[in-house]
Amino acid sequence: MSEPRTDDFRVERRDSEWVITFTPTGARYYFGDDGMETRASDSDVPPEDLPMDYDPLEVERMAALIAYAARGHAH
């Protein structure tokens, strides 16, 4: 399996929400300023078309770490 890298992610700030997008799959993860997920992840790519060479739990873990780092530098 491929390991996700930090440059595989895009970080956006939308009001009080951080949106972390994993660009290889288009999966989006949503985090609030408190670090908690604000809603379920989603993707514009149908599940049957998603690349299977990434562990989804590892991608989600990396997204949470990136959101944590981004929140720390936003003030």
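Colleague: How many aromatic pairs does the structure hold?

Modeller: Rings of Phe, Tyr and Trp (its six-membered ring) pair if their centres lie within 6.5 Å; planes under 30 degrees apart are called stacked, over 60 edge-to-face, and the rest tilted. By that rule, this structure has two aromatic pairs. One of them joins Phe9 and Phe22, a tilted pair with 4.9 Å from centre to centre and 45° between the planes.

Modeller: Before we go on, a word on the model: it is a predicted one, so local features need pLDDT of at least 70 and side-chain atom pairs count only at pLDDT 80 or more, while totals for chains, interfaces and linings use all residues. Residues are numbered from 1 along each chain as its sequence is written, and side-chain values use heavy atoms, with hydrogens and water left out.

Colleague: Which parts of the chain does the pair of Phe9 and Phe22 tie together?

Modeller: Helices (H or I, at least four residues) and strands (E, at least two) are DSSP runs, numbered from the N terminus. Phe9 belongs to strand E1 (residues 9-14) and Phe22 to strand E2 (residues 17-22), so their pair ties together parts 13 residues apart in sequence.

Colleague: Are Phe9 and Phe22 buried or exposed?

Modeller: Buried means under 20% relative accessible area, exposed over 50%, and partly exposed in between, using a 1.4 Å probe and protein chains only. Phe9 counts as buried at 9%, and Phe22 counts as buried at 0%. Phe22 also pairs edge-to-face with Tyr54, at 4.9 Å centre to centre and 85° between the planes. That pair links distant parts of the chain, 32 residues apart, since Tyr54 sits in the loop between strand E4 (37-42) and helix H1 (56-72). Tyr54 is buried too, with a relative accessible area of 17%.

Colleague: What lies around Asp8?

Modeller: For this we use contacts, meaning heavy atoms within 4.5 Å. Asp8 is in the segment before E1 and is buried, at 10% relative accessible area. Setting aside neighbours within four places in sequence, Asp8 is in contact with Glu3, Thr21, Phe22, Thr23, Pro24 and Tyr54. Thr21, in strand E2, is buried at 4%. Beyond residues up to four places away in sequence, Thr21 touches several residues, including Asp8, Phe9 and Ala27.

Colleague: What is the order of the strands in the sheet?

Modeller: Two strands pair if DSSP finds at least two bridges between them. Here an open sheet of four strands runs in the order E1-E2-E3-E4, with antiparallel pairing. E1 and E4 are at the edges with a single partner strand each, so one side of each has no neighbour in the sheet. From one strand to the next, the twist averages 15°; for such angles, axes are lines fitted to C-alpha atoms, for helices over the stretch in contact, and values run from 0 to 180 degrees between N-to-C directions. E2 pairs with strand E3 (residues 27-32) in the antiparallel sense over six bridges, and Ala27 in E3 is the bridge partner of Phe22.

Colleague: Where does H1 lie?

Modeller: H1 lies across E1, E2, E3 and E4, at about 40° to E3. Along the sequence, the chain reads β-β-β-β-α.

Colleague: What does the charged end of Arg39 sit over?

Modeller: A charge sits over a ring if NZ of Lys or CZ of Arg is within 6 Å of the ring centre and within 35 degrees of the ring normal. In this model, the charged end of Arg39 is over the ring of Tyr30, 3.8 Å from its centre.

Colleague: What is the phi of Asp15?

Modeller: Most residues other than glycine have a negative phi. Asp15 has a positive phi of about 55°, although it is not a glycine. Asp15 is in the loop between E1 and E2 and counts as exposed, at 74% relative accessibility.

Colleague: And how much of the protein chain counts as buried?

Modeller: Of its 75 residues, 33% count as buried.
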